[in-house]
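Reader: I have a model open and want to learn how to read it. Can you take me through some features one at a time?

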Amino acid sequence: MLLDVHVVAASIQDRDGAKRPFLWTRLDHPGARKVRADQGFTGLLVEWTAQILGRDLEIGRKDPDQRGFQVQPKRWAVERTFSWLTAHRRLARDYETSPVHSETMVRWAMIGIMVRRLTRGRPATRLGPRSLSRTEAYRLIRGVRLLLARDGCR
């Protein structure tokens with residue numbers, strides 16, 4: 001669930017623009033004890049958050065020995081939320097010229113997501129794999145063969 005949204009202009013460095021939103025989040029949600037951020041928020045902001053706000057700012061870092069892509073702990077929750085938001089047409093592209101309008105669009109999208117969850121009436125479930133009928137399997141095989149033939153593969 002979304003606690004708060006703060007959008008700053010692209011011309012402002014992440015760690016410079018984060019102090020005001022962190023302060024407002026601290027005031028609006030005193031029970032939130034930990035803030036997670038990516039590597040753009042490193043530096044003096046970590047100490048400022050600990051000293052002024054009394055909160056722990058956890059920076060998600062990849063292992064120094066990491067080669068290639070690996071999922072970072074807790075990062076999936078942020079990325080999943082971004083994917084939910086970009087499913088809304090207005091947020092699929094950056095149309096807004098004002099940070100206030102961008103914040104409003106994100107809030108509207110999250111309200112829609114939360115209302116759907118509340119009205120669903122049951123816990124979310126994921127359907128397992130379903131078996132293909134013989135007709136569907138033949139159709140898929142035929143489609144793959146047509147694509148391969150079109151691309152010159154056998």
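**Reading salt bridges, helix faces and patches**

Author: Start with aspartate 4, found in the segment before helix H1 (14-17). Keep in mind that this is a predicted model.

Reader: Is aspartate 4 buried, exposed or partly exposed?

Author: Buried means under 20% relative accessible area, and exposed means over 50%. Aspartate 4 has 21%, so it counts as partly exposed.

Reader: Which residue forms a salt bridge with aspartate 4?

Author: A salt bridge needs a side-chain nitrogen of Lys or Arg within 4 Å of a carboxyl oxygen of Asp or Glu. Here the partner is arginine 107, with the closest N and O atoms 3.5 Å apart. This pair links distant parts of the chain: arginine 107 sits in helix H6 (residues 99-120), 103 residues away from aspartate 4. Arginine 107 is partly exposed, at 34% relative accessible area.

Reader: Which residues are linked with Arg107 in a network of salt bridges?

Author: Asp4 and Glu103 join Arg107 in that network. Glutamate 103 meets arginine 107 at 3.9 Å, N to O. Both lie in helix H6, 4 residues apart, about one turn of the helix. Glutamate 103 is buried, with a relative accessible area of 15%.

Reader: How many salt bridges does the structure hold?

Author: It holds 4. Glutamate 58 is in strand E2 (residues 56-59) and arginine 36 in strand E1 (residues 34-37), so the pair ties together parts 22 residues apart in sequence.

Reader: Next, helix faces. Which residues of helix H3 are buried?

Author: Look for where the buried side chains point. In H3 (residues 44-53), they are Leu45, Trp48, Thr49 and Leu53. Down the axis of H3, the buried residues fall within an arc of 100°, so they line one face of the helix.

Reader: Which exposed residues does the face of H3 turned away from the buried side carry?

Author: Leu44 and Gln51.

Reader: Now patches. Which residues form a nonpolar patch on the surface?

Author: Leu23, Trp24 and Leu27 do, with about 300 Å² of accessible area together. Leucine 27 belongs to helix H2 (residues 19-28). Its relative accessibility is 54%, so leucine 27 counts as exposed.

Reader: Which residues gather in a patch of positive charge?

Author: Arg80, Arg117, Arg120 and Arg122, on the surface. Arginine 80 lies in helix H4 (residues 75-86). At 33% relative accessibility, arginine 80 is partly exposed.

Note on methods: Residues numbered from 1 in each chain as written. Predicted model: local features only at pLDDT ≥ 70, side-chain atom pairs only at ≥ 80, totals over all residues. Heavy atoms only, no water. Patch = residues over 30% accessible without salt bridge, like charges linked within 9 Å, V, L, I, M, F, W, Y side chains within 5 Å. Areas by Shrake-Rupley, 256 points an atom, 1.4 Å probe, with all protein chains shown as cover. Lys, Arg positive; Asp, Glu negative; His and termini not counted. Charge placed at Lys NZ, Arg CZ, Asp CG, Glu CD. Helix = DSSP H or I, 4+ residues; strand = E, 2+ residues; numbered from the N terminus. Buried < 20%, exposed > 50% of the residue type's maximum accessible area, 1.4 Å probe, protein only. Arc of directions from axis to C-beta.
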